[in-house]
Amino acid sequence: MQIDDIAAIVTGGASGLGGATAQALAKGGARVFALDLPPAIDKAPSVSGLTYVPADVTDPSQVSAAVDTAAGAGVPLRVVVNCAGIGPSARILSRKGPHDLDLFRKVVEINLIGTFNVLTLGAAAIAQTSPDDNGQRGVVVNTASIAGYEGQVGQAAYAASKGGVIGLNLPAARDLSSLGIRVMTIAPGIIDTPMLATVSDEFRATLAEGIPFPKRLGRPEEFASLALSIIAHDYLNGEVIRMDGALRMAPR
């Protein structure tokens, strides 16, 4: 699938993985609609071909309005990339007591239900477009995490949410196959995003040392490159791709 002269939606598109992906799509000729919360959008760079849309991925009305905006851009909506997410850490039992249920619920609401919300509403709009010569209408790329396979201490909520995204991948691809819509998921390892902004250089070095090769943190631009490769490769469907330098997470 070509990205020139199509519309694309990227959630979490103001920074991090979403920001890099939104910018890469825009540079490739797509008309990109980057969904994010207003505080993040206020700090986002201005990029030609990229429009920021304030939206909470857990709010169906806000996402529906954003999808309508993208679908009405004058070019077919073909791509949705879900990058919005949060990753707080908390043990099931700690000195403070049991894991806060509201925190667990919030993580699942944003990371899993938010992904499903955007996937569903985005796919509904893509399904209204005319297929290409191969019967393809579009592709949805979701973001999981290797924590969905090997969650560490303190990652119960995050791992559960990302494991849900992994589990969603294949049935979503099967559900949407008759409409010519592919569904793929990327499971990144340790990526140098704003989530790590407060981490010291020493701790970054420790994280990098645990990665088999290359011994460094991943880059958002590498995630964007993989997302664009998935979009371009029409035979990739229903698969989760780990992007982690062969890292398998230890318990802590």
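Ala246 is partly exposed, because its relative accessible area is 46%, a value between the 20% limit for buried and the 50% limit for exposed. The model described here is predicted. Ala246 belongs to the segment that follows strand β9. Its phi is near 70°, which is a positive value in a residue other than glycine. A second case is Asp5, a non-glycine residue whose phi is also positive, near 60°. Asp5 is found in the segment before strand β1. As background, most residues other than glycine have a negative phi, and most peptide bonds are trans. The bond between Phe213 and Pro214 is cis, with omega at about -5°. Pro214 is located in the loop between helices α6 and α7.

The two segments just mentioned lead to strands of a sheet. Strands of a sheet pair through backbone hydrogen bonds, either parallel or antiparallel. In this model, 7 strands make up an open sheet with parallel pairing, in the order β3-β2-β1-β4-β7-β8-β9. Strands β3 (50-54) and β9 (240-243) are its edges, each pairing on one side only. From one strand to the next, the twist averages 20°.

On one side, β1 is joined by 5 bridges to strand β2 (residues 31-36), in the parallel sense. Within this pair, Ala8 stands opposite Val32, and Thr11 stands opposite Leu35. Strand β1 also runs parallel to strand β4 (residues 77-82), again with 5 bridges, and here Ile9 faces Val80. Together with helix α1 (residues 16-27), strands β1 and β2 form a right-handed β-α-β unit.

How many of the 5 residues of β1 are buried? The count is 5 of the 5, so the strand is largely enclosed by the rest of the structure. In a regular strand the side chains alternate between the two faces of the sheet. In β1, Ala7, Ile9 and Thr11 are buried on one side, while Ala8 and Val10 are buried on the other, so that both faces are covered.

Helices lie across the sheet as well. Helix α5 (residues 156-176) lies across β7 (138-143), β8 (181-188) and β9, and runs at about 160° to β8. Helix α7 (residues 220-232) lies across β4, β7, β8 and β9, with an angle of about 160° to β8.

Helices may also pack against one another. Two packed helices are described by the angle between their axes and the distance between the axes. For helices α3 (residues 60-71) and α4, the angle is about 35° and the axes are 10 Å apart. Their crossing is right-handed. The contact involves Pro60, Val63, Ser64, Val67 and Ala71 of α3, together with Asn117, Val118, Leu121, Gly122 and Ala125 of α4.

One of these residues, Asn117, lies in helix α4 (residues 101-126). Is Asn117 buried or exposed? Asn117 counts as buried because its relative accessibility is 12%, and the cut-off is 20%. Apart from neighbours within four places in sequence, Asn117 is in contact with Val57, Thr58, Asp59, Pro60 and Val63.

Note on methods. Residues numbered from 1 in each chain as written. Predicted model: local features only at pLDDT ≥ 70, side-chain atom pairs only at ≥ 80, totals over all residues. Heavy atoms only, no water. Helix = DSSP H or I, 4+ residues; strand = E, 2+ residues; numbered from the N terminus. Buried < 20%, exposed > 50% of the residue type's maximum accessible area, 1.4 Å probe, protein only. Contact = heavy atoms within 4.5 Å. Pairing = 2+ DSSP bridges. Right-handed = clockwise from strand over helix to strand, strands pointing away. Axes fitted to C-alpha atoms, helices over the stretch in contact; angles between N-to-C directions. Left-handed = near helix turned anticlockwise from the far one by under 90°.
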